[in-house]
Amino acid sequence: MGALGYIIGALVIIVSLAIIIAVLFQQGRRAGINGAISGGADTFLSKNKARTVDAILARWTKYIAILFFILAIVANAIALKG
C-alpha cells in the first residue's frame, strides 16, 4: 500500500468521525413530545431555530455520508490494485 492508500485511509477515519459527530448532535424525533409532556414550553423563535439547526445537520449528514461512501469505494479500488 502506497502513500495514497494511507491518505485515503486517514480521510475515511476523519470522515467517519465527522458523521458520528453530526449524527450525535441531531435531536431525536421525539424530543418535542417529551418537552410537551413534562410541561416545558418552547417559544416560537426557539422552535424555528432548532428546526433550522436540525435541518442543517441533517443536510450535512447526507453530504458526509456520500463522501464516506465515495472514499470507501476509492479505498477499495486502491486496495484491489496493489
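Author: We take the aromatic rings, then the core. This is a predicted model, where local features need pLDDT of at least 70, side-chain atom pairs count only at pLDDT 80 or more, and totals for chains, interfaces and linings use all residues. Residues are numbered from 1 along each chain as its sequence is written, and side-chain values use heavy atoms, with hydrogens and water left out.

Reader: How many aromatic pairs are there?

Author: Two. Rings of Phe, Tyr and Trp (its six-membered ring) pair if their centres lie within 6.5 Å; planes under 30 degrees apart are stacked, over 60 edge-to-face, and the rest tilted.

Reader: Why is the pair of Trp-60 and Tyr-63 called what it is?

Author: Their ring centres are 5.7 Å apart and the planes are at 90°, so this pair is edge-to-face.

Reader: And the other pair, Phe-68 and Phe-69: what are the distance and angle?

Author: The centres are 5.9 Å apart, with 70° between the planes, which is edge-to-face.

Reader: Is Phe-69 buried or exposed?

Author: Exposed, at 55% relative accessibility. Phe-68 is partly exposed at 26%. Buried means under 20% relative accessible area, exposed over 50%, partly exposed in between (1.4 Å probe, protein chains only).

Reader: New topic. Which residues make the largest nonpolar core?

Author: Six: Ile-8, Val-12, Val-15, Ala-22, Ile-64 and Leu-71. Such a core is a set of buried Ala, Val, Leu, Ile, Met, Phe, Trp, Tyr and Cys residues joined through side-chain atoms within 4.5 Å.

Reader: What does Val-15 touch?

Author: Ile-64, Leu-67, Phe-68 and Leu-71, leaving out residues up to four places away in sequence. Contact means heavy atoms within 4.5 Å.
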